[in-house]
Amino acid sequence: SMESTNLDDVYASLNQKHITLIKIDTEGAELFVLQGAQKLLQEQKPFVIAEVFGHAEDFDYKSSDIYEFMQGLGYHYFYMIDDTAVSVSRLEKPAE
């Protein structure tokens, strides 16, 4: 078995308390990582970079669940399209 911990526990153990950016690439487990970082996200409001399309269904949730979770914490979504951040009001996969 593999041992794991959540980001809130890691955050609580750090001497450095200023977190400005979280990059997540967990091939579908992004929602669980974010849920395990809820306190950090609420207190620090770091930028979060994560790919939200592609593997969520492998973990029995929808990509829109990430959107709803983050929106509940006061976050706003942006797509990166050709090096431009485009604000979105709801989560749906952009046209290619």
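Predicted model: local features only at pLDDT ≥ 70, side-chain atom pairs only at ≥ 80, totals over all residues.

Modeller: The structure holds one salt bridge, in which the side chains of Lys 39 and Glu 43 meet at 4.0 Å, N to O. Lys 39 and Glu 43 both belong to helix H3, where they stand four residues apart, about one turn of the helix. As a general point, side chains of opposite charge can pair when their charged atoms come close. Lys 39 counts as partly exposed because its relative accessible area is 45%, between the limits of 20% and 50%, and Glu 43, at 45% relative accessibility, is likewise partly exposed.

Leaving aside residues up to four places away in sequence, Leu 41 touches Ile 22, Leu 34, Pro 46, Val 48, Phe 69, Met 70, Leu 73 and Tyr 75. One of these, Met 70, is 29 residues from Leu 41 along the chain, yet the C-alpha atoms of the two are separated by 8.9 Å.

Leu 41 is also part of the largest nonpolar core, which has 21 residues and in which Leu 34, Leu 41, Ile 66, Phe 69, Met 70 and Tyr 77 have the most contacts. At least two residues of this core come from each of strand S1 (21-24), helix H2 (30-35), helix H3 (38-44), helix H4 (63-72) and strand S3 (77-81), and H4 gives the most, with four residues. In soluble globular proteins, nonpolar side chains tend to be buried together. Phe 69 can be followed in the same way: with residues up to four places away in sequence again not counted, Phe 69 touches Leu 31, Leu 34, Gln 35, Gln 38 and Leu 41.

Helix H2 holds Phe 32 as well, and Phe 32 is partly exposed, because its relative accessibility is 40%. Beyond residues up to four places away in sequence, Phe 32 touches Phe 59 and Tyr 61; Phe 59 lies 27 residues from Phe 32 in sequence and 9.4 Å from it in space, C-alpha to C-alpha. Elsewhere, Leu 21, Phe 47 and Ile 49 make a nonpolar surface patch of about 340 Å². Of these, Ile 49 lies in strand S2 (residues 47-50) and, at 44% relative accessibility, counts as partly exposed.

The C-alpha trace spans about 40 × 30 × 25 Å along its principal axes. Among the contacts with a separation of 6 or more, 62% are between residues 24 or more positions apart. Buried residues make up 31% of the 96 residues, while the protein exposes about 6,900 Å², of which carbon and sulfur atoms supply 51%.

Key. Residues numbered from 1 in each chain as written. Heavy atoms only, no water. Core = buried A, V, L, I, M, F, W, Y, C linked by side-chain atoms within 4.5 Å. Buried < 20%, exposed > 50% of the residue type's maximum accessible area, 1.4 Å probe, protein only. Contact = heavy atoms within 4.5 Å. Patch = residues over 30% accessible without salt bridge, like charges linked within 9 Å, V, L, I, M, F, W, Y side chains within 5 Å. Areas by Shrake-Rupley, 256 points an atom, 1.4 Å probe, with all protein chains shown as cover.
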